[in-house]
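Read the following with the model open beside the text.

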Amino acid sequence: MKYSDALEILRKKQSLGIKPGLGRIKKLLESMGNPQDNIPIIHIAGTNGKGTISATAADCLMKAGLKVGLFTSPWVIDYREQIQINGNYISKNAFAHYVESYMDYDATEFELLTAIMYKYFADEEVDCAVVECGMGGQEDATNVENRNIAVISSISLDHTNFLGNTLEKIAMQKAGIIKKESYCILYPNPKCESIFEKHCKEKNTALVKVDDTGNAIDNTISTVQHILDLVKTEKTATVKALIKLPARQEKIGNVLLDGGHNLSAAQYLSKIIKDEVAVIGMMRDKNIDGYLSAVAPHCTKIITTAPSNTRSISADELKKTAKKYCNNVIAIDNPIEAVRQKGVTLVCGSFFLARDVRETLLNM
């Protein structure tokens, strides 16, 4: 099977959508010999920051002498960036081989991708795997191991149609990755800390709380350092800086590219922007009004657009909401055309939008 054929199979499986529940992936993993049981796993859940925590922890552990698998999503540059060992993407041939071997099983795109990740990491005998949850925790396809180091990043409202419409309900879902007699590292989440404390107590799991410095970057560094302190390495593992990821407040020339899509991400972004000419595209199922209420007042002009995803809100519909918070709003359906408009300084609202336009921005 060619790599392009494997990608097409995964693309077709996207039509199955999101299906919470672990029955399908457990059956698939069982056919693989339950590879997840042979890998020490650092499992990371949360609403914001988990990608940075995952990438930074993996990088530090690699530099300390370990062979480290890293599983993150969503992808921005290359589909294979979601599955890496020591910073190298899974090869196209290996990816195609795994897809061909397991494509006929009843599984969504993310479930098949997750299962392939565990099988690949086990086959390559990684020393540990840093695994980022796709969505939630309790019923996320990644949540199939018996023991782990569970890490909970910042919690806020997102995916409310699947995870619940309160912070407490979402925290309950995230807490689902906590395993019996293991470890849990908790980023400062004062509004729902008691939920994680309860889960850890019930499962006889050691809870490590990250001291709140009042600074998100310092808190994230401390979270990663706690991970490193729990993993045995050949050399001392320390955090010197956070890994910068594509489309996470990424500066490309004069343009700031940010794929954050929830209210919390918007509030964080609003602290560093001013008088922007922004291209904004979003998914229909997000808190669009909340996001725009935080970002749009910091824009002198907004160009709404529609990322190439079936869940996207149209440029015209998005424009209607954006006009509540900014007087100068136009709609341009095509994302590439939108970012090529004169004076654009900000592109935000969706990782799907970032995926559409990042290469264009790099070549402008």
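A residue is called buried under 20% relative accessible area, exposed over 50% and partly exposed in between, with a 1.4 Å probe and protein chains only. The model is predicted, so local features need pLDDT of at least 70 and side-chain atom pairs count only at pLDDT 80 or more, while totals for chains, interfaces and linings use all residues. Residues are numbered from 1 along each chain as its sequence is written, and side-chain values use heavy atoms, with hydrogens and water left out.

Helices (H or I, at least four residues) and strands (E, at least two) are DSSP runs, numbered from the N terminus. Helix α14 covers residues 351-362. The buried residues in α14 are F351, L353, A354, V357, R358, T360 and L361. They pack against β9, β10, β11, α13 (335-339) and β14, where contact means heavy atoms within 4.5 Å. The twelve residues of α14 reach 16 Å from first C-alpha to last, close to the 16 Å expected at 1.5 Å a residue; the expected span is 1.5 Å times one less than the number of residues.

Which sheet does α14 pack on? Two strands pair if DSSP finds at least two bridges between them. The sheet is open, with six strands in the order β9-β10-β14-β11-β12-β13 and mixed pairing. Its edge strands, β9 (250-252) and β13 (329-331), each pair on one side only. Helix α14 touches β9, β10 (255-258), β11 (276-280) and β14 (346-348), and its direction makes about 155 degrees with that of β10. Such angles run from 0 to 180 degrees between N-to-C directions, with axes fitted to C-alpha atoms, for helices over the stretch in contact.

Strands β2 (residues 68-71) and β3 (residues 83-85) run antiparallel with three bridges, and Q84 in β3 is the bridge partner of L70.

Finally, in helix α1 (residues 3-13), Y3, A6, I9, L10 and K13 are buried. The cover over these residues includes α4 (92-102) and α5 (109-123).
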